[in-house]
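This report describes selected features of the model shown below.

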Amino acid sequence: MQKSSRRKLLRGALVAAAGGAALSVGKVAAIENGPGPAATTALRTKNLAGALRERGAAREPFPRPAPAVLPATQPLAAAQAAVGTPTSAVARMQEELVRAMAKPMEQRKWAMGIDLGKCVGCSACTIACIAENHLPPGVVYRPVLEEEIGLYPNVTRRFTPRPCMQCEEPPCVPVCPVNATSKRPDGVVEINYDKCIGCRYCVVACPYGARYFDFGDQYSDGTPAKQPYEESHGPEYGRDWSRESVEGVVRKCQFCLHRLNAGMLPACVTTCIGGATYFGDRNDPDSLINELEASGRAFRLKEDLGTKPKVFYLL
Amino acid sequence: MATVAKIGFPAGAVRPSAPRIWFTAFALVWAVAFAAGLVGLAQRITEGHRPADYGTYVTWGLWVAVYQYLVVMAAGAFLIAAAIYLLRLKALQRVAPAALLLGIVSLLAGMILVLLDLGRMERFWRVVLAPDWSSIIAWVVVAYMTFLVVSAAALWLVLRPALAERSREQGLRAGVARALVFGRRDVTAQARERDLRTVRLLMILGIVPAIGFTGGEGALFGVLGARPFWNSSMFPIAFLAAAVVTAGAALTVLTAFFAPGHSGDKHDVVQFLARLTLFALGVLLVLEFAEYSIGLYASLPAQEDAYGEILTGDYWWSFWLIHLVAGAAVPFAILALRGKSTAWLGAAAVLAAAGVFTVRLNAVIPGQVIPQFESLRDAFSDKRLDFQYSPSSMEWLVSLFVVSLAVLLFYVGYQLLPVSGARPGEQPDIRPGTSGATTLDGGQ
Amino acid sequence: MSEHDVETSEGGISRRDFVKTSVFLGAAAAVTAPVPWLLDTFGDSPSSAIKPTREYLLARPENIIYTVCQQCNTQCGIKAKIHDGTVVKIDGNPFSPWTAQPHVPYKTPVFETAKVDGFICPKGQASLQSSYDPYRIVKVLKRDGPRGSNRWQSIPFEKAISEIVAGGKLFAHVKGEENRQVAGLNELWALRDPKVAKAMADDVKEILAKKTPEEKQKAVEQFKEKHKANLDKLIDPDHPDFGPKNNQVNFTWGRLKGGRADFIHRFFGDSLGTVNRHGHTTVCQGSLYFAGKALSEQYKEGKWADGKKFFWQADLESSEFVIFVGVNPFEASQGPSLRASRITAGLSQGKFKYAVVDPRMSRTASKAWKWLPIAPGGDLAMALAMTRWIIENKRYDAKYLSNANKAAAAADKEPTWSNASWLVKLEKDGSPGKFVRASELGIAGKESRATADGKGTYEFDGFAVMKDGKPIAFDANDSKIPVEGDLLVSTEVNGVKVKSALQVMMDNASAKSVDEWAALCGLKAKDIVALADEFTSYGKKAGVDVHRGVSQHTNGFYGCSAWLSLNTLIGNIDHKGGMAGGSSWDAAGTKEGQPYPVASLHPSKAAPFGIDIIRTNTKYEESTIFKGYPAARQWYPLASDIYQEVIPSGATGYPYPIKALFLYMGTPAYSNPASQTQIAALADPNKIPLVITSDIAIGETSMYADYIFPDAANLERWEMAGTQFSVVWKVQPIRQPAIAPPNDVVKVFGEEMPISLESMLLGLAEKLGLPGFGPGGLAAAGDLTRPEHFYLKMVANVAFGEKKDGSEAVPDADDAEADLFVRSRSHISGHSFDPKVWAASVKPELWRKVVYVLNRGGRFDDYADAYEGTLLKRKYGAQVNLYQEKTAGTKSAMTGKAYSGIPIYEASGTDLMGNQIKDDSYDLQLITHKEVFHTKSRTVANPWLQALLPAGVFVMNTADAKRLKLRDGDEVRVTSATNLEGTWDLKNGQKNPMVGTLKVIEGIRPGVVSFSLGHGHWAYGASDVTVDGKTIKGQPSRGKGLHANAAMRTDPTIRDMCLTDPIGASAVFFDTRIRVEKV
């Protein structure tokens, strides 16, 4: 029996109040789909037009009516094409992302590809991830591994970013004693920080070392003052995480689900200066990620373990 | 030592044969350890996990090792008690209640320590109320619960006649006895017989969770494909052997140094326990040898490295000197050369138990010091992302706290309950129909 | 509180309120859900997903401000994302070609780009940690102990301003300085009348032009007589060419771009009238810039002029083959985001390959087609080998090189032309001298022509080429009569021995065989030949890109000239896929018709004159202190911004002492080679009596200052960042405040503002009564009482464009965008952002355009506008010199020998007298490099970057380690011939050992060791400081790692400065031999 189905069976005994969860879904959907008109109206501010008109400005420096609606993200590709700009891979992937997000979660399956031929080992992704997810010291979802290969003068260096592999058969999930971590229908392995008890069994279970325990450290520890960016709340999973709320739990890469919800690619993808990281929906036959995976250059880390990572590499 | 003085031993009770000096010395050491442990506990409560040396790469540290040591000892204690009742080991009758008490206390202590190891202590209840049955931890926790219930019930049944007897007296212990006897004062042979049968049933019942979680502790590591060093079916079995070593050693020490009774009678018990302990140790060593030799011969670098770390790494001395020399060779030598001396046997047990502790550490730590990817070492720097580990002072102090708390609990139980101080005739005989012929404490 | 804030809180719902509301709503949802925790516990099936309850606020356009990074000098566009008034994340600006490929069309509404992030390197992302650095200073600090003691008192801004202006016994509270008199700015601002200054300047010119010492002496006497009423305003009346006392005020900067540069030049040049305003170019790649200047000199009105201090970089957008020589664009070299993106894109599309010449296997080299681990300093020899092979094998673009003037180039549709065919006159010894003039050959006469401004005349004498055996005279800039010349000419014309410039080049390169050159640079001849072959196999879509590795040697000028000239040989400049020179929208308003020519908007502009302290604007032989060779120190007429010279020159008083030194955003005590000499000069208050810095923290250099004014960090201030040479679009990225500085708010000219560089200068101007600042400071354009008055006018220039008719102006921001502009700045307090004040800073019709530009973080050509056919749209479009006549006419002040107009071979590692330094007992050659995670002096304040590389690296080849019995991870000490004990002497009683951890690798040439820059700090939060009697604990982790600059060789002739390229003035980083010993 497969692990996942075994899990399902076991969990079946605990259906108790599953239906109840659905009650809150309605409210949530609004947020997943971006700000509605109400929210936009709330953003309106008064302006200084009056004051400036009195000074005889030729044209009001500031408009009286605020914009009625915030335009939805227009896929960048269209704007680029309009002025003869070639469509970038990022623009294409964002377009695909918007397409995938329009589908029910069960019908999309996220995957990431990292082209080692393009990775320059700069760790921009590492830091983008830290900033994006408000990671404290000692928690790093996407370190970049570096190796030197060869003997002088026939030498080269290889750089391998190591995010969470979002395994199809994640060894970290079944070991959790409290159901705090699971594989979502879209394939992302998530951790519920509200449920995690911090036993760290999943940390030792991960063959990729991709799970991290948040000790509650701060980068400003031992300095004269705490800094505001450290205190600001994190956005993971589209929730509001104060610094305290994620202390003592295990954390990991979740493909920037909060950005996906907003129609944005994961931070490591957009910030990659080598354009080495690709992202998309495996269930979309027209996706770039599928093209790349079938390029014949793809391999996965520790493939022999059978964890079936959804992060692949291109050599 | 106000507690000691106040409780004391009731007039007429059999006086402990252990020299007072042992007790005083031990009490002093305990007091210092407990006080220091409280400091560590305070640090843990106020500063969380920050003062710890474990991090994300070596994420299970000393506490997990000590915790496992304690719960494995609990299982061992229960298994010894079960053996006594089920196999009717007369020689060991007198230690059976102590073994049950030891099991309970040791398991509780282990659970306290693992609770302190949790990142979110306040959510511990989730393991009980919202478990994930695919996790070994969830099953282990169920086993703990079952174990506690079974052990407590068995202990109660075993002690009930003595409690009933004592409940008629005056004083603190009688009060405790009255509270605990729950109105069941029937000490007739039939009642005892009934109890005893229940006890045996409970023993059978309890073996399942005891072996279950001992093996489970081993399996906790064993199932991790992520860690080649741990991914071994040897782990659960080795844990069982270790269970008997540690519990046997604890009971040996207890009997040798602290149990009342004449040295002559005691010696037999001590000798038996010591032999049992060392036999289990022998089994453990054989298993270990099998594992190490296979691991090393397998020539898989990932495994080899972990063994290399144990055998030649920074803590090579803990394996060679503490585990093999002090923890195995010396105890065997003592058994062979000083087998007549209760005190020497006690010492041998102490050494064997200490040796097994390094086995625990060497099970937990080396499995984690080998990076999942070699270049992970330098990829991102932080004290939490270090493949080196040596427990911080807080970790030692908290471990000390938990161990000394366990000692305290055991002592209080030992003193308040008629675990050893039962008078002749109070204890049920382990053979049906021969009530009162032999008491477990062998005090007559 | 600004009016805007008031209105917001009364009227609408502010962004912050909205956040609160939404958080509250989220919370309410959780509370009203039935039995929440139980549900939470039992409710989820394993396959359900965590439900989002909060909107992603960083995707909202009002939480974004586009500005410009300054962690390194690439000046990438950034998108500062703000949450609750705090910048929490920095992404790349999608409008900027630096950080998006292709970048978003400029017209794209900013609402649409809110969810589009550009890319940006880790340094850029971590830069927010420089704003939020616990060791930032927010008040003015005054020294409370000896220099370098790091004891400070915080004093009111006004008091500091008064003291600096008035002077006096400012440090009477410090032991030993009780009676030390400090000259204030009031005294140093001696010559205040621009008319007098102008008259004096003209007369000084006359003095300099006199040929003999006697004539000079006579002219000086006449000068003294004529200006006797004002002689007290001069530094030394006997040497009027030193200029006025005003010159004893020196402003020296590190990183500085437009805007702030204009502000500083306005203060110190246009208002205070000092010539001593110097940058830091030579510590980066001076010899490269000045080689570029020499190669771009134009012959105008009878002299060489208009050489641009710049260089060319490869157009990586379309290039097919590039040789990177001493360049590391994946990690530094104006590279990471901007250039790595293009390189990897080209690689993955299979249309690009490149070679890297570098002793170390850099990240860049790791993806190269070929890595050539050259011996440090061998670059010049390698370039000459390439030159020889290319000319011998006729692999140059003969058609291009034949064009001798503008008209000939135009006929071939070439935007540039070279002097390859021009005839050079040979000296008696056969060495090349000046270009032969037509009159010398008797093929044309001299004529008098009118100057371009129509105000005067000059004598025109044409150059000559040989065409089909006949000499032809021509005008280089003639756009009508095309002249082509033969390329390889060596002949005699009318008794004059001449060679074509290309022939000179060829003969020079043929001094040695390719094998011999190869041996000199430590490479295999076959590799060099393969490289030359490849380089000349892509037409014009190939290039040579040069940087520090070539430049920071004592032969850096020749090395850079030689390498850059390979580009000229294939004629790739201004070609698609060739070499680009960059182009930016003029912010200073110098183009006719631009609304605000800020430099001329001045009520009483000073006329600074005199020899500058680093002797760049005058030839030694022309000065009144010429006394034969060698001079006391070198003179550098072909360079400027000689960073390593400023402090030692000012301290030793050559040519005159500096009395007040301002330092800004640079740290000579840390960054220079052999910078312990800078420390020694700074630490003695009797040498430079007053040192003032503007800094965001107490850095390695500012710790030696007398006063430190807190500055605004990068995210908090203005600058016009300009372009990079490899950017093929016309651009002007604009740095603007994304947050307010945390500094104390002060009142200057009646205006409230946080302390910063600008408020310091405004405060000083107010106290001094300096023209050009305050009410009416911008003449017809109004007041200059706030920084925005100045900077927004510059933005308006950019927005307006460079066409008089306004046809290049950007569109007006529409209502939605104008509203967004205010809302996205609602978190910036009124003293830093007041929409009313801002809008009133420019003409009303320009305001919406300013908003449009600022909403996009600057102005950028669209991606499609890069090329016109096979050419770049934005061109260099002028002459390129193969032979440098101006260089050939300049002498070393140390040896008296003239420089060569063609890069001749000189081994690297010479002193200023030209002697080879031999430190043979030191067995390893020390070089430096940058890791992508750090820049030189500032990134230690960024813990994210520290986590990536906490202590830098010090790398050595396995073979060397084996020989020296060293192992990976060993702690080692570095010593050299000029730092025998291997320490940093901080001159405050503290000596830090120069020790680091060794990393043993394969990827470095044996015999060479390299350390990464940016570590081993002793200030900037690395150690304790005392302020107002209280000790502020440092963070020892900031001090980790090896900083081996103190091991670098000092010049044996002057000893108080590092080795220096005598021509291009580069501070030499790579010519030191060291020993490495285990500690």
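Which residue in β24(C) is the bridge partner of C:L423? It is C:S500. The model is a predicted one.

**The sheet in chain C**

The strands β17 (residues 423-426) and β24 (residues 496-500) of chain C pair in the antiparallel sense over three bridges. Both belong to an open sheet of four strands in chain C, with the order β18-β17-β24-β23 and antiparallel pairing. β18 (432-435) and β23 (490-493) of chain C each have a single partner strand, so these two stand at the edges, and one side of each is left without a neighbour in the sheet. On average, and with direction ignored, neighbouring strands of this sheet are turned by 40 degrees against each other. Helix α19 (residues 501-509) of chain C lies across β17, β18, β23 and β24 of chain C. Relative to β24(C), helix α19 of chain C runs at about 80 degrees.

**Domains of chain C**

| Domain of chain C | Residues |
|---|---|
| domain 1 | 3-55 |
| domain 2 | 313-432 + 479-580 + 877-888 |
| domain 3 | 924-1078 |

A separation of 33 Å is found between the C-alpha centres of domain 2 and domain 3 of chain C. Their contact takes 22 residues from domain 2 of chain C and 22 residues from domain 3 of chain C. On the side of domain 2 of chain C that touches domain 3 of chain C, helix α23 (residues 556-570) of chain C gives the most, with three residues. That side of domain 2 of chain C has 10 nonpolar, nine polar and three charged residues.

**Contact between chains B and C**

In the contact between these chains, five residues come from chain C and six residues from chain B. On the side of chain C that touches chain B, α3 (36-43) and α33 (943-948) of chain C each supply at least two residues. By class, the residues of this side of chain C are four nonpolar, one polar and no charged.

**Nonpolar cores**

The largest nonpolar core holds 560 residues, of which B:A81, B:A99, C:M382, C:V795 and C:V850 touch the most other members. Helix α3 (residues 62-86) of chain B provides the largest share of this core, 21 residues. Leaving aside residues up to four places away in sequence, B:A81 touches B:A96, B:A99, B:L100, B:G103 and B:M203. There is also a second, separate core of five residues, among them C:L234, C:I235, C:I611 and C:Y656.

Note on methods. Residues numbered from 1 in each chain as written. Chains lettered and ligands numbered in written order. Predicted model: local features only at pLDDT ≥ 70, side-chain atom pairs only at ≥ 80, totals over all residues. Contact = placed C-beta atoms within 7 Å. Nonpolar A, V, L, I, M, F, W, Y, C, P; charged D, E, K, R; others polar. Core = buried A, V, L, I, M, F, W, Y, C linked by C-beta atoms within 7 Å. Buried ≥ 20, exposed ≤ 12 C-beta atoms within 10 Å, placed from the backbone. Domains from an automatic or database assignment. Pairing = 2+ DSSP bridges. Axes fitted to C-alpha atoms, helices over the stretch in contact; angles between N-to-C directions.
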